[in-house]
Amino acid sequence: MQFHLNGFHPGDPRFADPQDAVVAPPIKRPLPTEVDVLIVGCGPAGLNLAAQLSQFGSIKVAIIDQKDDRLLVGQADGIACRTVEMFQAYGFADQIIQEAYQVNEAAFWKPDAERPNQISRSSKVPDVADDLSEMPHLIINQARVHDEFLRVMRQSVGKIEPHYQRKLLSLEVDNSASDYPVTVTIERMVNFSQYSQEVETVRARYVVGCDGARSSVRTAIGQQLVGDPLNQAWGVMDVLLNTDFPDIRLKSLIHSNNEGNMLIIPREGGYMVRLYVELDKLKENERVARDQMTADVLIAAANRILNPYTIDVKEVAWWSVYEIGQRITTAFDDSTHERAARVFLAGDACHTHSPKAGQGLNTSVMDTWNLGWKLAHVLTGLADEDILRTYSAERREYGQALIDFDREFSAMFSAKPKSADNPDGVDPAEFQRYFQLFGKYTAGVSIQYRPSIMVGSGTHQALATGLTVGKRFHSAPVVRQGDAKPVQLGHCHTANGAYRVYAFAGKDEPFSARCGVKALCDFLASPESPVQRYTPAGADADSVIDVRAVFQQHHQTVETALIPEALAPRKGRYGLRDCEKVYCVDKRPVSSGGGHNIYEMRGINQDKGCIVIVRPDQYVADVLPLDDHAGLAAFFSRVLRAR
């Protein structure tokens with residue numbers, strides 16, 4: 001899509017008249033006095049959590065923010081491949097992909113060897129490695145992501161709407177209380193006289209602080225951010241411009257000889273560009289102080305860095321100045337050895353870092369993607385509170401790894417290029433190698449959670465070497481048997497809080513006497529079945545454990561009449577049969593887009609097959625032999641509560 005041609009306008013670009021994209025202001029209404037979960041902060045972490053909890057109609061949720069209304073212009077713009085995979089679970093990945101700028105290549109620029117005061121391109125490299133994800137790396141206004149979360153919240157069974165103009169005043173936890181142990185007092189920020197103040201009190205089972213780096217929730221539970229002080233200043237601006245710089249529509253990383261460094265990020269719409277400009281190299285009369293900085297100063301600095309090229313800025317849509325500091329909170333919740341947490345922290349309330357590696361929004365939403373379904377399972381009685389302890393254990397380790405990565409990446413990006421006059425500088429070629437080496441990290445697909453009650457030890461990892469225990473489920477193309485539709489297997493992971501169990505068949509004929517999938521289905525129909533044991537009475541059979549099968553044979557050879565009810569459950573008020581749980585290897589001709597063998601792509605044992613258990617947040621919980629029915633039952637006995 002192309003838009004912003006005649007100026008920047010926030011909101012949905014599909015409206016020809018920008019005024020038609022304006023959303024009515026929120027309806028002002030009082031807060032409920034009691035909720036299951038109170039979310040503080042309408043940033044990406046808070047909205048993602050609310051969107052996840054909105055899938056459960058029995059959970060009462062309130063989300064508050066100090067702002068007057070929804071975000072219109074966001075600061076975060078980079079959307080990692082892994083985050084787009086999560087968007088797919090909500091059903092809005094296609095919308096974001098269509099609207100966003102897709103990052104395909106990165107260009108590296110350094111001082112020209114013959115004219116060191118000018119820059120020259122050193123190379124272009126792919127931004128995302130082959131088969132890293134079926135999803136692209138995207139650039140889009142953070143506010144558009146917020147809009148999609150708000151739509152999910154509004155349209156889901158929970159029907160959640162934010163409460164704006166609310167400021168948290170205090171938070172107290174009464175560990176002796178059995179129902180609503182957290183009491184929160186909130187100021188409703190309206191235009192009263194100086195002698196009056198409207199205060200609301202909310203009692204909650206759990207509170208989640210998604211209220212940014214200056215988190216009031218974090219302060220209330222006695223935690224703090226620790227780490228490096230602010231030590232590098234950068235300017236950032238979204239602009240509409242004309243330029244003779246040849247890579248203006250490519251992600252470009254630029255090291256100049258004496259004028260500092262710059263990062264160019266093309267924005268959605270085909271015309272707008274984001275510039276990150278190093279401010280440590282400003283002239284003597286150009287001040288870093290925010291109150292004395294102007295957009296013109298940033299534009300002048302960018303032109304010096306780009307020499308011999310120039311930019312002619314026609315409109316500044318947004319600009320700011322920020323300082324880099326890498327810090328992480330002392331704890332992600334208020335849990336003790338004696339009790340599980342009542343108050344959690346997520347997003348910037350837990351970790352702060354530079355924006356240049358594009359990890360802020362992506363890490364924040366993954367915090368609450370990890371937490372949301374765990375809270376839902378506890379609140380709906382599917383699981384005990386013990387599972388909540390895994391949130392801090394899993395996310396804090398990754399948060400610390402992010403801080404360490406960002407510290408090194410920022411130092412390399414900000415360093416002066418290595419030269420005869422500066423032998424201790426950074427070799428631009430080494431910076432490029434570092435960029436490529438950590439591609440999986442910046443794409444968000446390198447996270448691996450350690451063994452716990454929710455992650456197996458990987459004893460049988462050899463049965464599926466490409467579906468690593470503790471890492472996200474790496475999707476691959478298959479053909480759905482019921483309607484012959486080519487699909488990505490991982491796209492059946494919707495945000496409904498259910499575990500997925502994939503039965504990858506061995507070489508035997510589908511549903512024959514020797515077929516391991518048939519034997520598994522027989523077990524799942526027995527009283528020992530975890531599906532029978534943990535699915536609440538009256539709920540659909542796949543609402544907690546969603547079982548699916550993949551076969552190596554052509555999809556036309558699998559007879560629908562032979563598919564057992566475990567793979568074709570009857571659901572809903574009319575008991576309609578679900579015909580979308582059996583898949584086959586994609587044997588279509590390569591010329592038609594086929595030829596993808598998921599067994600070969602993901603290292604699945606073709607003789608024996610296997611079982612792959614996937615958590616509701618799309619992470620592989622364990623890999624088991626296809627006939628290890630006891631192991632399957634044992635896993636769910638650790639994470640679910642019998643009905």
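# A chat about helices, rings and sheets

A: Let's start with α7: this helix is mostly covered, as 18 of its 20 residues are buried. Buried means under 20% relative accessible area, exposed means over 50%, and partly exposed is in between, with a 1.4 Å probe and protein chains only. Helices (H or I, at least four residues) and strands (E, at least two) are DSSP runs, numbered from the N terminus.

Q: Hi! What kind of model is this, and how are residues numbered?
A: This is a predicted model, where local features need pLDDT of at least 70 and side-chain atom pairs count only at pLDDT 80 or more, while totals for chains, interfaces and linings use all residues. Residues are numbered from 1 along each chain as its sequence is written, and side-chain values use heavy atoms, with hydrogens and water left out.

Q: Back to α7, what span should its 20 residues have?
A: They should span 28 Å at 1.5 Å a residue, and the end C-alpha atoms are 29 Å apart, which agrees. The expected span is 1.5 Å times one less than the number of residues in the helix.

Q: And what follows α7?
A: Glycine 381 does, and its phi is positive, near 80°.

Q: How many aromatic pairs are there?
A: Searching the whole structure gives 21 aromatic pairs. Rings of Phe, Tyr and Trp (its six-membered ring) pair if their centres lie within 6.5 Å; planes under 30 degrees apart count as stacked, over 60 as edge-to-face and the rest as tilted. One of the pairs is phenylalanine 92 with phenylalanine 149, which is edge-to-face at 5.5 Å centre to centre, with 90° between the planes.

Q: Where do phenylalanine 92 and phenylalanine 149 lie?
A: Phenylalanine 92 is in the loop between α2 (81–90) and α3 (93–99), and phenylalanine 149 is in helix α4 (residues 142–155), so the pair ties together parts that are 57 residues apart in sequence.

Q: Are those two buried or exposed?
A: Both phenylalanine 92 and phenylalanine 149 are buried. They also belong to a cluster linked by ring pairs, made of Phe87, Tyr90, Phe92, Phe149 and Trp369.

Q: What about tryptophan 373 and tyrosine 499?
A: Their ring centres are 5.8 Å apart and their planes are at 85°, so that pair is edge-to-face. Tryptophan 373 sits in helix α7 (residues 360–379) and tyrosine 499 in strand β22 (residues 499–504), so the pair links distant parts of the chain, 126 residues apart. Tryptophan 373 counts as buried at 0% relative accessibility, and tyrosine 499 counts as buried at 0% too.

Q: Which residue lies over the face of tyrosine 180?
A: Arginine 205 does, at 4.4 Å from the ring centre. A charge sits over a ring if NZ of Lys or CZ of Arg is within 6 Å of the ring centre and within 35 degrees of the ring normal.

Q: New topic: what is the strand order in the sheet with β3?
A: That open sheet of 3 strands runs β3-β7-β4, with antiparallel pairing. The edge strands are β3 (78–79) and β4 (101–103), each pairing on one side only. Two strands pair if DSSP finds at least two bridges between them.

Q: How many bridges join β3 and β7?
A: β3 and strand β7 (residues 137–139) pair over 2 bridges, in the antiparallel sense. Isoleucine 79 stands opposite leucine 138 in β7.

Q: And β20 with β21: how many bridges?
A: Strand β20 (residues 477–480) and strand β21 (residues 485–488) are antiparallel over 4 bridges, and proline 477 stands opposite glutamine 488 in β21. Their hairpin has 4 residues between the strands, and alanine 484 there takes a positive phi near 60°.

Q: Where is glutamine 461?
A: Glutamine 461 is in the loop between α10 (439–442) and β20, and counts as buried at 18% relative accessibility. Leaving aside neighbours within four places in sequence, glutamine 461 is in contact (heavy atoms within 4.5 Å) with Leu467, Thr468, Val469 and Val623.

Q: Last one: which residues of helix α14 are buried?
A: In helix α14 (residues 629–639) they are His629, Gly631, Leu632, Phe635, Phe636 and Val639. Those buried residues pack against β22, α11 (516–524), α12 (530–534), β23 (545–551), β27 (610–614) and β28 (620–624).
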